[in-house]
Structures are given as structure tokens and as C-alpha cells.
Amino acid sequence: MDQPVELSTPTPPAEGLVWLNGEFLDFARALISVDDRGFLFGDGVYEVVRVYDGHPFALDAHMARLRQSLNAIELEVSLTNEELAAIACELIDRSRLKEAELYLQITRGVARRLHLFPVGVPPTMVMTIRPVRVVPNEFREKGIVARTFPDERWERCDVKSINLLPNVLAKERAHRAGADEAILVRDGLITEGTSSNLFLFRDDELATPRIDHRILTGVTRGLVLRIARQKGYRIVERDIRVEELQAATEVFVSSTVMELLPVIEIDDVRIGSGQPGPVFRDLYATYREAVRAKS
Ligand code: PMP
């Protein structure tokens, strides 16, 4: 007789799991039509959520931003934030992954290629979970190198749209120039990284570009500001000229996946001491405490 199948202890899927329009699937079976408007037009929005010890971090903030993005592109989704959050949690549980990245994308559905919104077409909703891409410790201990590039994106960078071509090009160009991140510059002002927000410290002031259509309202950025405020830092959300970057004592970037990373060189110029600074260390330590408290 064959060995009985052990239903109670299934092997965890090594590569993660997908939820697609109501079904839980492995990656090989999760397929999307060539007529999907995400594929044809980049007509959709997304979120990335970090999972720590099996718990999604700052899920409410991500869901709130997702709803803002959906509203901005006039895409109606019948599921509530709570229903989407419940699906996300079920996906995490089913995957059995503990340290993971949850990706959520919603597009304007499948329809013949016409620019006008399709009528009566349900959105395509996808969530994937995969083991997190771990940021090597060395990046946090030694710092990362950045280069500035013109910000060639549209005028609604506050929308987390899946149109990421300018971000992709800038990141690739930075990589080819030996840098880890591209810092985007518009009209002489820094906006953000290709997938991160930016902070500067100088003369007792923690500065970051203010929230408007030029940048994404980063969830991590919000948390860093909250932590810094609680710790008594003087915070200014304002326009930052590109020349101010190299004169800063410290620069660091923030994002869900990178958390906080110190930037030690920009356009071949050393920042401060050329080492991760005390402000970065202080804020990052408290960020990690917040993560631990929630997971
Ligand atoms: N700006 C851009 C352009 C991004 O893609 C990201 C990453 N989602 C961020 C900032 C950081 O946002 P968050 O902290 O919410 O991950």
C-alpha cells in the first residue's frame, strides 16, 4: 500500500503562493490574459507589504494608500479594505512563509485593447507572497551609493501606479554606473529614490521632501517621521535642492523592503563621514523595535 498522505503537515511552497481573482494557486498556474489592461496599458495600481514573523506590517496604511490609488485612477473594486486584508492574511497563512513580501496588484481587467474604460468588466486582482529579498547586512553597516538622475515620471507620483518605466530606467542606469539607488531630481529639487523616500540630516534638522503630487506617500516615511517626532528631532518637510544633498551630514532612504538604508556617497561625493551616521542608527534601531512590537 502507498504511504498515506500526511494532510496535517503539508510541505510549505518554497516559492510562495498566489491569490488570483478569488483562487489560491501556485505561480505556475496563476495566469493572466494577454488582454489584461495592466499588461497592455499599465492600467493598474499596486502595493508591497512586508511580512515579519508571519504578520503583515502596517497593513492598514497600505490598504488605505491602495484605496487612494484606486480612487485616483477611478477604478472601482467591490471588495472592502477589510476583505482585501483578510485575503492577504489567508494568503500569508497558507504560504506558511514568515519573512516575506506580499505584492498586491489591481488592474482595470481584461478587455479588447481600447483606451476607453471597458464597461462591465471586473478588475483583475492579484496578490502574491514570496520569501523576502533580504537586504545584505553590509548595506546597512557600510551604507549604499547613489547617483542623481532627472525625474522623468508623470505628474501624479502620489499614485502607486504600475507604470514604473522611468523608475526602471533610472535604477538600471544607476546600477550600470556602480550605484545602488537613483535619486530623482525635478526642477532642481530632489523628489525620491526609484523605490524609496529620502531623508537628509544637517544642522539639527531632519528634512524630507514634502508630500504632494511629486512623491509617493511612503508608509515607511510616515513611520520614520513619527518615530523621529517622538524622539524629539526637529523635522522639516520641505523642498530640498539637489545641492543640499552633498552638503548633508547624513542621507538615508526608506522603503517597506529596504526599511532604512544609509547613503554614504552621491555622484562620487562622500556624504558626511562616509559612514552610516548616528541619526540613521538611532532611527533604524527604533524602527526595528516598532517592527518587533508588531510581529
Ligand atoms: N517611493 C517610491 C517611488 C516607491 O516605489 C516606494 C516603494 N513602494 C517608496 C517611495 C517607499 O514607499 P513605502 O515606504 O510605502 O514602501
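Trainee: What should I know before I start?

Mentor: The model is predicted, so local features need pLDDT of at least 70 and side-chain atom pairs count only at pLDDT 80 or more, while totals for chains, interfaces and linings use all residues. Residues are numbered from 1 along each chain as its sequence is written, and side-chain values use heavy atoms, with hydrogens and water left out.

Trainee: What volume does the largest pocket have?

Mentor: Rolling a probe the size of a water molecule over the atoms shows where empty space is left. A pocket is an open set of points on a 1 Å grid over the protein atoms alone where a 1.4 Å probe fits, with protein on both sides within 12 Å along at least five of seven lines. Here the largest pocket has about 1,100 Å³, a volume being the space filled by probe spheres set on points joined across faces, edges and corners.

Trainee: Which residues lie nearest its centre?

Mentor: Y46, K160, T194, S195 and S196, out of 45 lining residues (those with an atom within 4 Å of a point). Helix α5 gives the most, 4 residues; helices are DSSP runs of H or I, at least four residues, and strands are E runs of at least two, numbered from the N terminus.

Trainee: And where does the largest share of the second largest pocket's lining come from?

Mentor: From α6, with 6 residues. That pocket holds about 410 Å³, and its 22 lining residues include A58, A61, V219, L223 and R226, which lie nearest its centre.
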